[in-house]
Amino acid sequence: GYPTLKLYREGSYEALEFKVKDAKVKNVLFRLGFDVSEKSESHNNHEDQSDKKQIARVVPFRMHDVHDAWNDAALSFEFALKTGIFMTNGPLSKKESSTFRSWLELLTKTLPIQMSKTHDIVTMLLENFEEASQSQSNLSKLIRPYASPDNSQTWRTCTNGDNKMGYTCGLWQLFHIMTIGVVEYNRHNTPIIPTRQVSEILRNYVEHFFQCEVCRLNFLDMYDNCAFDGCHRLSDKPSSNEHDWRELPMWLWETHNDVNTRLLGERMDQSNQSKPNQWESQQARWPSLYTCPNCWREDKSWEEDEIFDHLHSMYWSG
């Protein structure tokens with residue numbers, strides 16, 4: 001409505017809208033992700049400079065939309081097929097083969113139809129699973145007509161200027177898309193997919209096929225020790241309650257944000273800098289305040305329904 005003020009953060013095409021009467025300095029700064037606490041206001045010039053340096057230590061999330069997420073998830077899925085499934089010359093072990101098949105079967109049910117090429121690859125691999133599970137050369141031969149050429153693979157999000165960093169980020173995108181897809185599948189299909197069944201498939205996929213050893217061990221430690229109450233929030237029994245299905249993407253979101261916060265701390269430690277303060281730790285969590293101001297309360301806790309709606313818009317509905 002009129003009169004409305006639209007602001008665009010540098011490098012972003014997503015507008016932040018304000019009614020002119022609400023466009024106070026504090027409101028604008030808060031929506032853009034700056035600390036507007038009374039403590040911040042009381043700092044002297046020297047302290048202000050220190051705060052700016054601290055905030056700058058946190059790499060901001062790049063703005064992206066659902067099409068970027070689908071693109072990066074598809075690229076990382078293909079890259080994993082080329083480099084992450086076979087680590088020996090022989091066929092997959094019985095456990096690896098079972099995990100790989102379960103992962104593909106899960107993706108057939110939980111990827112959006114817009115990821116059509118990925119769907120085609122998954123369907124083809126299931127139809128030729130015995131051949132695909134024998135060797136990397138077999139797998140590469142099967143996916144060659146479908147997969148993107150290596151020199152055309154460009155990840156769009158969280159690469160920080162280095163395309164090689166896109167794989168892990170895209171894999172997380174795939175995980176998030178899949179968990180939102182479970183909610184969508186259960187809304188429209190039977191039998192219901194239990195959330196614990198999905199998380200176990202994801203856990204086993206990470207154990208056998210996620211080649212970042214530190215990432216793998218940290219994820220398995222968190223999962224196996226029931227981080228974020230996963231052992232109670234996720235159930236191996238089918239439920240007709242959508243709130244129960246939503247626990248899966250929310251649990252993964254909390255897990256991913258914990259990883260982001262931990263990595264920030266490790267990066268500060270490796271560069272001999274002070275530990276992240278509360279504000280920096282908040283900035284390392286996604287979505288940012290300026291991307292989804294309604295997702296976060298002033299005490300840095302979150303609004304669960306707003307977070308789920310944001311996840312849904314970023315990974316499914318656009």
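Predicted model: local features only at pLDDT ≥ 70, side-chain atom pairs only at ≥ 80, totals over all residues.
Are tryptophan 286 and tyrosine 315 buried or exposed? Both are buried.

**Aromatic pairs**

The structure holds 16 aromatic pairs. One of them joins tryptophan 103 to phenylalanine 175. The geometry is edge-to-face, with 5.9 Å centre to centre and 85 degrees between the planes. This pair links distant parts of the chain. Tryptophan 103 belongs to helix 5, residues 94-110. Phenylalanine 175 belongs to helix 9, residues 166-188. Tryptophan 103 and phenylalanine 175 are buried.

Tryptophan 286 and tyrosine 315 make another pair, with ring centres 5.9 Å apart. Their planes stand at 50 degrees, so this pair is tilted. Tryptophan 286 lies in the loop between helix 14 (278-283) and helix 15 (304-317). Tyrosine 315 is in helix 15, so the pair ties together parts that are 29 residues apart in sequence.

Ring pairs also build a cluster. Its members are Phe100, Trp103, Phe129, Trp172, Phe175, Tyr205, Phe209, Phe219, Tyr223 and Trp251. Tryptophan 103 and phenylalanine 175, the edge-to-face pair, are therefore both part of this cluster. The cluster member Phe129 also meets a charge: the charged end of arginine 101 sits over the ring of phenylalanine 129, 4.2 Å from its centre.

**Disulfides**

How many disulfides does a search of the whole structure find? It finds three.

| Disulfide | S to S distance | Torsion about S-S | Hand |
|---|---|---|---|
| cysteine 212 and cysteine 215 | 2.2 Å | 65 degrees | right-handed |
| cysteine 226 and cysteine 231 | 1.7 Å | -65 degrees | left-handed |
| cysteine 292 and cysteine 295 | 1.9 Å | about 70 degrees | right-handed |

Cysteine 212 has a relative accessible area of 27% and is partly exposed. In the link of cysteine 226 and cysteine 231, cysteine 226 is partly exposed at 31%. Cysteine 231 has 32% relative accessibility and also counts as partly exposed.

The link of cysteine 292 and cysteine 295 is placed otherwise. Why does cysteine 292 count as buried? Its relative accessible area is 7%, and buried means under 20%. Cysteine 295 has 0% relative accessibility, so it counts as buried.

**Helix 8**

Helix 8 spans residues 136-143. Its buried residues are Leu139, Leu142 and Ile143. Why do they lie on the same side of helix 8? They cover an arc of only 90 degrees around the axis, which puts them there. An α-helix has 3.6 residues a turn, so residues three or four places apart point the same way.

The other side of helix 8 carries exposed residues, Ser137 and Lys141. What covers the buried residues of helix 8? The cover includes helix 4 (66-83), helix 6 (116-127) and helix 7 (129-132).

Note on methods
Residues numbered from 1 in each chain as written. Heavy atoms only, no water. Buried < 20%, exposed > 50% of the residue type's maximum accessible area, 1.4 Å probe, protein only. Helix = DSSP H or I, 4+ residues; strand = E, 2+ residues; numbered from the N terminus. Arc of directions from axis to C-beta. Contact = heavy atoms within 4.5 Å. Disulfide = S-S within 2.5 Å. Phe/Tyr/Trp six-rings, centres within 6.5 Å; stacked < 30°, edge-to-face > 60°. Lys NZ or Arg CZ within 6 Å of the ring centre and 35° of its normal.
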